[in-house]
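Thanks for coming. I have one structure to go through today, so let me put it on the screen.

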Amino acid sequence: GRHPQPLGDPFMAFHINKGLVRKYMNSLLIGELSPEQPSFEPTKNKELIDEFRELRATVERMGLMKANHVFFLLHLLHILLLDVAAWLTLWVFGTSLVPFLLCAVLLSTVQAQAGWLQHDFGHLSVFSTSTWNHLLHHFVIGHLKGAPASWWNHMHFQHHAKPNCFGKDPDINMHPLFFALGKILSVELGKRKKKYMPYNHQHKYFFLIGPPALLPLYFQWYIFYFAIHRKKWVDLAWMITFYVRLFLTYQPLLGLKGILGLFFVVRFLESHWFVWVTQMNHIPMHIDRDRNMDWVSIQLHATCNVHKSAFNDWFSGHLNFQIEHHLFPTMPRHNYHKVAPLVQSLCAKYGIEYQSKPLLSAFADIVYSLKESGQLWLDAYLHQ
């Protein structure tokens, strides 16, 4: 027979040391259901779940949960190399406009790539012990990016548990104040005659308040508020090392005003990169309130992929394999492409669409989906 899994699929997906966590979770186990009680609601697709559990066991047997440490080391080295190259650009060529902008582009690349790398450590997908993952997560997000690890954990695990579920996924919190997201919620908003913004123009104002603004205007301030407000002093100490190093290395070359200018140009460029890549996988997909679907179906309906290529893999930190990442969050990213065919056949068998598209189409779909939901909102607002 099968083992009962009282802790469920999200538990299996997110923890690398199952035994240890089980020890702590056992005290929280309230009791098993009696045999005649169904352990899953009718909305949950039992066969799909069982088959996914088998797939998960297969993936573990294939060794796809084991990280190639050389891959991650090289990744870290390419980030550090670009960081040094940015500084050398100003040191060698001076601080006129062209070297200044080249330095900014190099530093933006460092920030974006460190963003993808901290995501790997945050998901515990590099080392077999949590301790090493956490330590490197602090180093990459704290020292290389100047942000708190606890803030990322707080936001990101909620997103993974219920992607595109309104009120539960913090990544879609811009609905309804800034954007009307998803067909269902947009129509609902229109029917309730709510108009916080002219949503029928949101696909245009997205270019103003989305990509350019998210990091420099919002995240940059909020991370300090978060760390201080929640008394995350270890995070704050790591963060301060980033700003101290930036000041010590660039002050002799640029002075204080120059550093501030460089810093905000970098955050501005990085923000575009971050927003387009992070939104392409979820915003065009099904967005709704939590309908209590099974974990696997939630992930598959809320997520789409972007085709594999050396550039796409690098540019998106392998988040072009977002479907695989959502089904196996602790899998090291260099193995996503190996499990992808297995996930595709699972989707085909259960009639679930497995969407994969070119990078630029994925970017365009963000805008199209905003335009569509804005139009649906307007129609409902005027006529329903």
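I will go through the helices and annotated regions, then the nonpolar cores, the aromatic rings and the salt bridges.

Some ground rules. This is a predicted model, in which local features need pLDDT of at least 70 and side-chain atom pairs count only at pLDDT 80 or more, while totals for chains, interfaces and linings use all residues. Residues are numbered from 1 along each chain as its sequence is written, and side-chain values use heavy atoms, with hydrogens and water left out.

Let me begin with what a record says. UniProt, in an unreviewed entry, lists residues 205-228 and 248-269 under "transmembrane region". UniProt positions are given in the numbering used here, with feature names shortened, and such annotations may be inferred rather than shown by experiment. What does the model have there? Residues 205-228 are 83% helix and 0% strand, with 32 Å between the end C-alpha atoms. Residues 248-269 are 100% helix and 0% strand, and there the end C-alpha atoms are 22 Å apart. Helices here are DSSP runs of H or I with at least four residues, strands are runs of E with at least two, and both are numbered from the N terminus.

Next, the cores. A nonpolar core is a set of buried Ala, Val, Leu, Ile, Met, Phe, Trp, Tyr and Cys residues joined through side-chain atoms within 4.5 Å. Buried means under 20% relative accessible area, exposed means over 50%, and partly exposed is in between, using a 1.4 Å probe and protein chains only. The largest core has 40 residues, and Cys103, Leu107, Leu117, Tyr250, Leu254 and Leu262 have the most contacts inside it. Which elements give two or more residues to this core? They are helix H4 (69-93), helix H5 (97-122), helix H6 (130-144), H7, helix H10 (214-229) and H11. H11 gives the largest share, eleven residues.

Take Tyr250 as one example. Not counting residues up to four places away in sequence, Tyr250 touches Asp83, Ala86, Trp87, Leu90, Cys103, Leu107, Gly255, Ile259 and Leu262; contact means heavy atoms within 4.5 Å. There is also a second, separate core of 29 residues, which includes Trp116, Ala180, Ile283 and Leu378.

Now helix H7. H7 has 13 residues and reaches 18 Å from its first C-alpha to its last, close to the 18 Å expected at 1.5 Å a residue. That expected span is 1.5 Å times one less than the number of residues. The buried residues of H7 are Ala149, Ser150, Trp151, Trp152, His156, His159 and His160.

Two of those residues come up again with His137, which is found in helix H6. Is His137 buried or exposed? At 2% relative accessibility, His137 counts as buried. Leaving aside neighbours within four places in sequence, His137 is in contact with Gln118, Phe121, Gly122, Gly142, Ala149, Trp152 and Asn153.

On to the rings. Rings of Phe, Tyr and Trp (its six-membered ring) pair if their centres lie within 6.5 Å; planes under 30 degrees apart count as stacked, over 60 as edge-to-face and the rest as tilted. By this rule the count comes to 33 aromatic pairs. One of them, Phe127 with Trp132, is tilted, at 6.0 Å centre to centre and 50° between the planes. Phe139 and Trp238 have ring centres 6.5 Å apart and planes at 80°, so this pair is edge-to-face. Phe139 lies in helix H6 and Trp238 in helix H11, so the pair ties together parts 99 residues apart in sequence. Ring pairs also link Trp151, Tyr218, Phe219, Tyr222, Tyr225, Phe226 and Phe274 into a cluster.

Last, charges. Side chains of opposite charge can pair when their charged atoms come close. A salt bridge is a side-chain nitrogen of Lys or Arg within 4 Å of a carboxyl oxygen of Asp or Glu, and the structure holds 14 salt bridges. One of them joins Asp290 and Lys168, at 2.8 Å from N to O. This pair links distant parts of the chain, 122 residues apart: Asp290 is in the loop between helix H11 (233-280) and helix H12 (295-302), and Lys168 is in the loop between helix H7 (149-161) and helix H8 (183-191). Glu372 forms another with Lys183, the closest N and O atoms being 3.7 Å apart. Here Glu372 is in helix H16 (residues 359-383) and Lys183 in helix H8, 189 residues apart.

In the salt bridge between Lys308 and Asp313, the closest N and O atoms are 2.6 Å apart. Lys308 is partly exposed at 47% relative accessibility, whereas Asp313 is buried at 6%.
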